[in-house]
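Colleague: Could you walk me through how the labels on this model were assigned? I'd like to see each value set against its rule.

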Amino acid sequence: MAAEEKPAAGVRTGRFSVGRHLINFGVNPAALAYAMTTLGSSMINNIFSFYYVKLFINKYKVSEGAFHQSQVVYMVWNAINDPLFGYLQDNSRVPCCSQRRLSILYGAPLYSLTFLLAWFPWRSYYPGDWMSGLHLTVALCAFDALLTFVLLAQCALLAEISSHHQSRLRLIKYSQVASLIGSSSVLFCGVLSRNMEDFAAFQAFTVLIAVLSCCCMLYTGFHSESRFDSKGSESDAPGTVDQPQSAVSFSMLRTLMWQILTNRDFQLFVIMNFFQVFMLAFFNNFTIIFTEHLIPPDVLPSLAKSVMYGAGFICPQLLVLGCQSLLHSYGYYRIILFTFYIEAGMGAIMLALGHQHYYALAFFLTVSMIIIQAAFSLFGLPLADIIDTDLQRYKRSSPLSSMVFGTNALFTKPAQSLAPMIVLTVLNQFGYEQLKEAARDSNPSALASLHSVMFYLVCLVPMCIAALQALAWRPFSIRNSHTVDSKYIDG
C-alpha cells in the first residue's frame with residue numbers, strides 16, 4: 001500500500017552503499033538509522049532531566065515562586081507544541097517538516113545546542129534572583145521545543161518504517177541498545193563531576209555530550225526513510241478527510257484531533273501514560289535529592305551513589321533487551337500491566353520495612369527507576385497500533401503518526417511539570433528550602449520530619465499511582481498485535 005521514498009540518485013546510491021556494508025555485518029540499516037537518534041537524544045535527555053532541578057534549586061538558588069512560574073509556563077508550552085508540531089509534520093508541504101528524515105537532520109543541531117542552555121549561568125546568581133527564574137523558563141521551553149520537533153519525527157518513523165510487529169520489535173531492540181549506550185552519560189557525568197560538585201568538569205562534559213549527540217542524530221537525518229515520504233504528491237486528490245491544505249487549517253486540525261480523541265484505546269492509553277510520565281519525572285528529578293537525604297554517606301559513598309544513578313538509566317534497556325522473547329510470546333499489553341503490579345507491591349513492601357533499611361531503600365529506588373523506564377520504553381508499540389487502527393478506520397492515504405504522538409503528548413507532557421511542582425511544594429511545607437543541604441547542625445526534629453515525608457513520598461506515590469495505572473490499562477483492547485504478522489501490506 002505504501003511506496004518507497006525516491007531520493008536523489010546520489011543520495012540514494014550513498015545510502016544503498018552504506019546499507020550493503022551494514023547488511024554484510026548482520027546489521028539492519030533501517031533499524032540502525034532509527035536507533036541513532038535514540039542514542040543521541042538519550043545522551044542529553046537523561047542528563048537534563050536528572051540534574052536540572054538540583055542545579056536550579058541548589059546551585060542557582062531559584063526561589064520556589066520562580067520555580068513554580070517556570071514550570072507553569074513550561075507545562076503550557078510543553079502541552080501545546082506537541083500537537084502543533086505533529087499537525088505541521090503530518091500536513092506541511094515543506095520538506096523539512098513533512099519528511100521525518102529531514103526534520104531530524106535540521107532539528108538535531110539546534111536540539112543539542114538548547115541542551116547547553118541550562119548549564120551556563122547568565123550571571124552570578126544570588127538567592128531568589130529573578131534572572132535565574134527567567135533562565136529556567138527559557139532553558140526548559142527551548143529544550144522542549146527542539147526535543148519535540150526531533151523526537152516526534154522519530155516516533156513517527158516507528159509506525160512508518162514498517163507495519164510488521166516483528167519489524168517494530170527490531171526497531172525497539174536496536175533503540176534499547178542505543179539507549180543503553182546513551183544512558184551511560186549519566187553514570188560518566190556523575191563520576192567525572194562527582195555528582196556535579198566539580199561544576200567546571202560537569203560543564204565540559206555536557207559540551208562533549210552535546211557534540212556527540214548531534215553527530216548521532218545527523219546519521220538518522222542522512223540515512224533513515226519512511227514508507228510515506230512520497231505521499232505528499234498523492235494527497236492532493238479530493239474526497240479524503242485528512243488532506244493537507246496549502247495553509248494550516250484550524251478546522252482540519254480540529255477534525256483530525258477529534259477523530260483521534262474519540263478512539264477509546266487512545267483515551268485509555270493517555271490516562272495510563274500521564275501517570276507514567278509523572279512517575280518518570282518524579283524519580284528522574286528527585287532520586288538524587290531523596291538519596292542524599294535518606295541514605296547517609298557512610299552507608300552509601302558518593303561513587304556508589306553515582307553507580308546507583310547510572311544503573312537507573314542503563315538497566316532499563318538491559319531489561320527490555322532481555323524481555324524480547326516475552327514480548328514475542330505475550331505482547332506488550334500483559335508485560336506493561338505486570339510492571340504496574342510489581343511497582344505497587346514493591347512500594348507496599350518498602351513502606352512496611354521502614355526508612356532505616358538503607359540498602360533496601362537504595363535497591364527500591366534503583367529498581368523503581370528501572371521498571372518505570374523499561375515499561376515506558378515499550379509505549380511506542382501501543383501508539384503504533386493505535387495509528388494503524390486510525391489509518392484503517394478512516395481509510396487515510398498515509399498515517400497521522402506525528403499527530404497521534406503529539407496529541408498524546410498534549411495530555412501527558414503536563415505531568416513533567418506537575419511532578420516537580422507538587423513534590424517541591426510538599427517538601428517546602430516541611431522546611432526543605434531551609435534544610436536542603438541536610439546539615440548535621442540543623443534542627444534534628446525538623447530534619448527528621450522532612451526525611452519522614454520524603455520516605456512516605458518515595459513509597460506511597462509509586463504504590464498508589466501504579467494501582468491507578470493498572471485500572472486504566474486493563475480495558476485496553478489491542479492486546480494481540482504480536483500474533484498478527486501484518487495489519488496492512490507494506491509496499
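Modeller: Happy to, and let's begin with residue classes: Ala, Val, Leu, Ile, Met, Phe, Trp, Tyr, Cys and Pro count as nonpolar, Asp, Glu, Lys and Arg as charged, and the others, Gly among them, as polar. By that rule, the lining of the second largest cavity divides into seven nonpolar, three polar and one charged residue. Please keep in mind that this is a predicted model.

Colleague: Which residues make up that lining of the second largest cavity?

Modeller: The residues are Gln-276, Met-279, Thr-339, Phe-340, Glu-343, Ile-371, Ile-372, Pro-462, Ile-465, Ala-466 and Gln-469. Glu belongs to the charged class by definition, so Glu-343 is the charged member of this lining.

Colleague: Which elements give two or more residues to the lining of the second largest cavity?

Modeller: Those are helix H10 (264-294), helix H12 (324-353), helix H13 (358-376) and helix H18 (444-473). H18 supplies the largest share, four residues. The space inside this cavity is about 70 Å³.

Colleague: How many cavities of 30 Å³ or more does a search of the whole structure find?

Modeller: The search finds four.

Colleague: Let's turn to single residues. Why does Ala-118 count as buried?

Modeller: Buried means under 20% relative accessible area. Ala-118 has 0% relative accessibility, so Ala-118 counts as buried. Ala-118 sits in the loop between helix H5 (100-115) and helix H6 (130-160).

Colleague: What does Ala-118 touch, leaving out residues up to four places away in sequence?

Modeller: Ala-118 touches Phe-48, Leu-55, Phe-56, Tyr-60, His-135 and Ala-139. Each of these is called a contact because heavy atoms come within 4.5 Å. As for Thr-137, 19 residues away along the chain, its C-alpha atom is separated from that of Ala-118 by 9.7 Å.

Colleague: Is Thr-37 buried or exposed, and how do you know?

Modeller: Thr-37 has a relative accessible area of 0%, so it is buried. Thr-37 is found in helix H2 (residues 29-59). Beyond residues up to four places away in sequence, Thr-37 touches Ile-104, Val-150, Leu-151, Gln-154, Cys-216, Met-217 and Thr-220.

Colleague: Why is the link between the side chains of Arg-396 and Gln-259 called a polar contact?

Modeller: A polar contact needs a pair of N or O atoms within 3.5 Å, one able to donate a hydrogen and the other to accept it. The side chains of Arg-396 and Gln-259 are joined at 2.6 Å, so the pair meets the distance limit.

Colleague: Lastly, what about the chain as a whole?

Modeller: The chain has 18 helices and zero strands. Of its 491 residues, 60% count as buried. Among contacts with a separation of 6 or more, 85% come from residues 24 or more positions apart. The accessible surface comes to about 19,400 Å², and 68% of that belongs to carbon and sulfur atoms.

Definitions and conventions. Residues numbered from 1 in each chain as written. Predicted model: local features only at pLDDT ≥ 70, side-chain atom pairs only at ≥ 80, totals over all residues. Heavy atoms only, no water. Buried < 20%, exposed > 50% of the residue type's maximum accessible area, 1.4 Å probe, protein only. Areas by Shrake-Rupley, 256 points an atom, 1.4 Å probe, with all protein chains shown as cover. 1 Å grid on protein atoms, 1.4 Å probe; cavity = no way out; pocket = protein on both sides within 12 Å on 5 of 7 lines; lining within 4 Å. Points joined across faces, edges and corners; volume = space filled by probe spheres on them.
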